[in-house]
Amino acid sequence: MTSSACPCCSGLSFETCCGPILAGAPSATAEALMRSRYTAFVRHDLDHVERTHAPEIRDDFNRAEAERVADECDWQRLDVLRATEEGDEGTVEFLIHFRRDGQDMRHHERASFRRVDGQWLYSAGEVNPKGEPRRVVKVGRNEPCPCGSGKKFKACCGR
């Protein structure tokens, strides 16, 4: 038996990474579930994708569309940008790189997961999530310069 690299780009073999989760074992983390869902698309195992949806979104899953996407895409790489968990809630932000119709494309999503009875489930996703809004503080001309020079703003960086 040969060991192959897991499609989720974890650096582990499929047998020790996503394989057991696709076979029905619970994932240890929200990130592990997200990685297994990506691997399921790569391996055309859409039963796993469907059964790891939270109940409130299961009816929205379009199996035919998911199968079409899985068939048409050449899955290239998964980058997990950020993964956090707090109690039974988890968030994973990721980029999927794929090739479709001869073009390199990517999917950026911030996915939400919830653990129910020891099983992580995908509950929502925000495609192309926005970061925190930038806050700009306006400095008055006679206020101390924020650069720390000790001079007034108008005599320092405000010129």
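Me: Which residue just after α2 takes a positive phi?
Reply: This is a predicted model, where local features need pLDDT of at least 70, side-chain atom pairs count only at pLDDT 80 or more, and totals for chains, interfaces and linings use all residues. Residues are numbered from 1 along each chain as its sequence is written, and side-chain values use heavy atoms, with hydrogens and water left out. Helices (H or I, at least four residues) and strands (E, at least two) are DSSP runs, numbered from the N terminus. Just after α2, a positive phi of about 60 degrees is taken by His44.

Me: Why is α2 described as largely enclosed?
Reply: Buried means under 20% relative accessible area, exposed over 50%, and partly exposed in between (1.4 Å probe, protein chains only). Among the buried residues of α2 are Leu33, Tyr38 and Phe41. The helix is largely enclosed by the rest of the structure because the buried residues number ten of the 13.

Me: With which residues is Ala32 in contact, leaving aside its neighbours within four places in sequence?
Reply: Ala32 belongs to helix α2, which covers residues 30-42. Contact means heavy atoms within 4.5 Å. With those neighbours left aside, Ala32 is in contact with Ile21 and Ser27.

Me: What pattern does the protein chain follow along the sequence?
Reply: The protein chain has five helices and four strands. Read along the sequence, their pattern is α-α-α-α-α-β-β-β-β.
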